[in-house]
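Here are my notes on the model, point by point. Please read them with the structure open.

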Amino acid sequence: MVAKINSGDRAATCMNYQTLFTEQLQQLRSTGAYRYFLELNKSAQHFPRFTYADETELTQQAVNWCSNDYLGMSSEEAVISKLGYVAHRSGAGSGGTRNISGSTSFHKQLETLLAGWHGKEAALLFNGAYQANVTTLQTLGRQLPGLVFFSDERNHASIIEGIRGCKNSKRIFRHNDMQHLESLLAEWPADQPKLIVFESVYSMSGTVAPVKKIAALASKYNALTYADEVHAVGLYGPQGAGLLEQEGLQQKIDIVNGTLSKAIGVFGGYIAASALVVDYIRSFGRGFIFTTSLPPAICAAAAASVERIIADKPLRERFFTNVYKLRAALQKAGVAFRPNQSHITIIPITGADKCRELAALLLKQQGIYLQPINFPTVPAGEECLRVIITARHQSNHINHLAFSLKKVVHGEDTPDREGFPFVTVAAGDSKE
């Protein structure tokens with residue numbers, strides 16, 4: 001990696017950057033962690049079906065089983081129409097940060113809507129939930145003297161990045177282990193600033209946080225709380241605001257992180273909190289201050305989507321009915337999955353290479369698109385195929401998925417999929 005270069009009478013050494021990059025990429029490939037992108041052609045009319053070009057450049061069809069567009073709102077006509085109308089009226093971009101012309105009525109309207117949805121006084125928009133996490137956590141860490149972070153070991157990379165970006169003390173508690181969390185909290189003085197950071201629904205395991213117990217510990221030890229709700233927003237609760245709404249805890253958790261890019265189906269992220277906390281992050285958060293704001297049309301489309309989600313309870317119920325149907329079909333087919341209380345279905349696969357190989361076979365042979373989940377996204381030994389169902393998946397899609405997983409993952413002979421039994425199950429009949 002180091003090469004000698006003669007310059008007159010002296011020899012200098014320098015880094016061979018291309019060799020370094022090549023070696024590190026090769027190491028990534030050898031561990032199975034290298035990421036390959038499938039370039040698909042998404043269709044708003046046919047979602048979750050899509051087309052893509054295979055290695056011979058022939059057009060193939062497949063069904064998407066790893067999209068976070070849970071309710072299909074990115075393809076909702078009212079959302080698309082609002083996006084187009086406001087883009088034609090206000091332009092494609094905002095043209096600046098919120099401080100210099102990038103704050104429009106559409107930004108304010110969306111923030112007001114999101115704040116009310118989460119039972120908070122205010123909300124603040126970011127260009128993504130990742131950016132919202134990093135900026136908010138780093139701002140709190142840098143501005144609050146002596147703040148100690150208490151973070152669940154399974155927290156998302158954006159949370160880890162945010163906490164690492166400041167020099168504060170940090171304590172990692174075992175996943176959803178409230179005894180361990182309390183033992184760590186008890187080590188610090190009562191007047192020590194503390195922040196408990198967790199996800200309500202963990203995207204790579206499907207586990208659900210014991211939010212009532214976390215809120216109780218926060219009250220007992222005078223700690224602030226920060227909940228990442230990105231995989232719960234739009235799905236859980238009477239109005240779809242998330243798991244905190246479902247558990248009646250919107251007033252007990254101080255800061256909520258959410259996304260506009262998953263169930264809402266558009267783009268961006270946000271936090272919701274008290275007016276004081278939002279003003280604090282707005283005033284000190286460099287990742288907010290120095291970033292061009294979301295396009296007005298994106299804000300308007302997101303607002304239209306949230307309003308539809310709030311009003312359309314049957315849509316959210318249909319989504320969870322599909323979750324139950326999926327798991328019943330997998331059980332009938334004998335396809336093992338990890339039980340959990342959320343909507344995320346995990347098919348465990350042993351080994352990164354095997355996981356990647358099976359995902360490729362499912363796409364090529366069965367028209368099933370599932371991304372392999374390997375280290376570092378999950379710990380080594382927890383490789384899996386993560387199945388994400390949406391409100392747009394139909395019974396024949398579910399039937400075909402169960403057939404395909406039984407055939408490819410378990411290597412079992414199966415009847416033609418037309419003859420494969422499909423089982424429906426009511427929500428109250430679920431074994432989970």
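1. Is Asn374 buried or exposed? With a relative accessibility of 7%, Asn374 counts as buried, where buried means under 20% relative accessible area, exposed over 50% and partly exposed in between (1.4 Å probe, protein chains only). Asn374 sits in the loop between β15 (372-373) and β16 (384-387). Helices (H or I, at least four residues) and strands (E, at least two) are DSSP runs, numbered from the N terminus. Beyond its neighbours within four places in sequence, Asn374 is in contact (heavy atoms within 4.5 Å) with Gly32, Ala352, Cys355, Arg356 and Glu383.

2. A word on the basis. This is a predicted model, in which local features need pLDDT of at least 70 and side-chain atom pairs count only at pLDDT 80 or more, while totals for chains, interfaces and linings use all residues. Residues are numbered from 1 along each chain as its sequence is written, and side-chain values use heavy atoms, with hydrogens and water left out.

3. The seven-strand sheet. Its order is β6-β12-β11-β10-β9-β7-β8; the sheet is open and the pairing mixed. Two strands pair if DSSP finds at least two bridges between them. At the edges are β6 (122-126) and β8 (170-173), each pairing on one side only. From one strand to the next, the twist averages 20 degrees. Five bridges link β6 to β12 (residues 269-273) in the antiparallel sense. In that pair, Ala122 stands opposite Ala273 of β12.

4. Helices on this sheet. Helix α3 (residues 105-117) lies across β6 and β12 and runs at about 125 degrees to β6. Axes are lines fitted to C-alpha atoms, for helices over the stretch in contact, and angles run from 0 to 180 degrees between N-to-C directions. Helix α9 also packs on the sheet, where it touches β6, β11 (255-259) and β12. The direction of α9 makes about 30 degrees with that of β6.

5. The α4/α9 contact. Helix α4 (residues 129-143) packs against α9 (residues 275-284) at about 90 degrees, with the axes 10 Å apart. That makes α4 roughly perpendicular to α9; angles of 65 to 115 degrees count as such, under 35 as roughly parallel, over 145 as roughly antiparallel and the rest as oblique. From α4 come Thr136, Thr139, Leu140 and Gln143; from α9 come Tyr280, Ile281 and Phe284.

6. Val277. This residue is found in helix α9. Val277 is partly exposed, at 25% relative accessible area. Its C-alpha atom is separated by 25 Å from that of Ala186, 91 residues apart along the chain.

7. The four-strand sheet. This sheet is open and mixed as well, in the order β3-β4-β5-β14. β3 (40-42) and β14 (368-369) are at the edges with a single partner strand each, so one side of each has no neighbour in the sheet. Strand β5 (residues 59-64) and β14 run parallel, joined by two bridges. Asn64 is opposite Tyr369 in β14.

8. The cores. A nonpolar core is a set of buried Ala, Val, Leu, Ile, Met, Phe, Trp, Tyr and Cys residues joined through side-chain atoms within 4.5 Å. The largest has 96 residues, of which Leu71, Ile196, Leu385 and Leu405 touch the most other members. Helix α11 (residues 296-311) gives the most to this core, nine residues. A second, separate core has 20 residues, including Leu124, Ala132, Leu147 and Ile255.
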